[in-house]
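Me: I should like to understand the reasoning behind several structural terms. Please set each value against its definition.

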Amino acid sequence: MLTESTAVVRGRPLRYLDPGGPGRPVLALHGHFGRARAFAGLAVALAPRYRVIALEQRGHGRSADPVADAGDFGRAAYVADAADFVGVLRLGPVPVVGHSVGGLTAFQLAAWRPELVSALVVEEGGAENRRPRVAHPVLDVGDWPRRAPTLAGLRSLVEARGIPDAGYFLESAVERADGWGFLFDPDAMMASQRAAVGDWWADWLGSTCPALLVHGAASTVLPTPLATEMVDRRPGSVLRTFPGCGHWVHDDDPAGFARAVRAFLDALPAADPTG
């Protein structure tokens, strides 16, 4: 059973999901606009051998706090949060799974704080996130609705802005006194996305732990040539491509994604019990 808890990370509360138990800890980091529960299916699939602990990051879900966030959505803030979270929970060197920008945070954590990361699973997180390599590195949500009378109405307003299926974003939708809206602030998400635009090759190549790069062949966020180049240039990394899947492989093929992650984790050296 997944339990939602709160950890005080760098002086502010962040929510996280934790199945508990004696399994080997694995840290999971969601993507932009996401929630910790994006990894609920993976946590169930990998239990009891692995204990997937999913952090709800600053600006997202129940961790969103306009006062505490103070407009800081730079890369250093996300990485520092993840590092402190590992320390607060005393996870020791731990495999880190990250989707999209969560994958960027994961491999930056491995590069900046290698003592905290024993392995990487990067799902659709690129070493380069800028034009022309990536056609649309930022999803413009600046004019997204703050409120709608109903959940269906909120979906319609979002999909009217060119989103084919708003289901992923509606995971962060809640009903308040003045209608339905998102837990995340669109302006904050714009700032966070812009901070993730750039050339991150030095960080991707800056660690030596084993790494699995998960790629959806139909993704428009991580082009296949970039995914191939990432594993070609980084020793100790392997590529697993999912035909027919897009940017959200863990949603498009949850069973296949879980099998790939489990196989990768099973091949790692046993965890150090003194870590």
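Reply: The terms are taken up one at a time below. This is a predicted model, in which local features need pLDDT of at least 70, side-chain atom pairs count only at pLDDT 80 or more, and totals for chains, interfaces and linings use all residues. Residues are numbered from 1 along each chain as its sequence is written, and side-chain values use heavy atoms, with hydrogens and water left out.

Me: Why is S100 called buried?

Reply: Buried means under 20% relative accessible area, exposed over 50%, and partly exposed in between (1.4 Å probe, protein chains only). S100 has a relative accessible area of 15%, and therefore counts as buried.

Me: Why does R10 count as partly exposed?

Reply: The relative accessibility of R10 is 45%. Partly exposed is the class between the two cut-offs, so R10 counts as partly exposed.

Me: What is the phi of R10, and what is that of S100?

Reply: R10 has a positive phi of about 55° and is not a glycine; S100 also is not a glycine and has a positive phi of about 55°. Most residues other than glycine have a negative phi. R10 is in the loop between β1 (3-9) and β2, and S100 is in the loop between β5 (94-99) and α4 (101-112). Helices (H or I, at least four residues) and strands (E, at least two) are DSSP runs, numbered from the N terminus.

Me: How do you know that the span of α3 agrees with expectation?

Reply: The expected span of a helix is 1.5 Å times one less than its number of residues. For the 14 residues of α3 this should be 20 Å, and the end C-alpha atoms are 20 Å apart, so the two agree.

Me: What makes β4 mostly covered?

Reply: Six of the six residues of β4 (residues 50-55) are buried. Y50, V52 and A54 lie on one side, and R51, I53 and L55 on the other. In a regular strand the side chains alternate between the two faces of the sheet.
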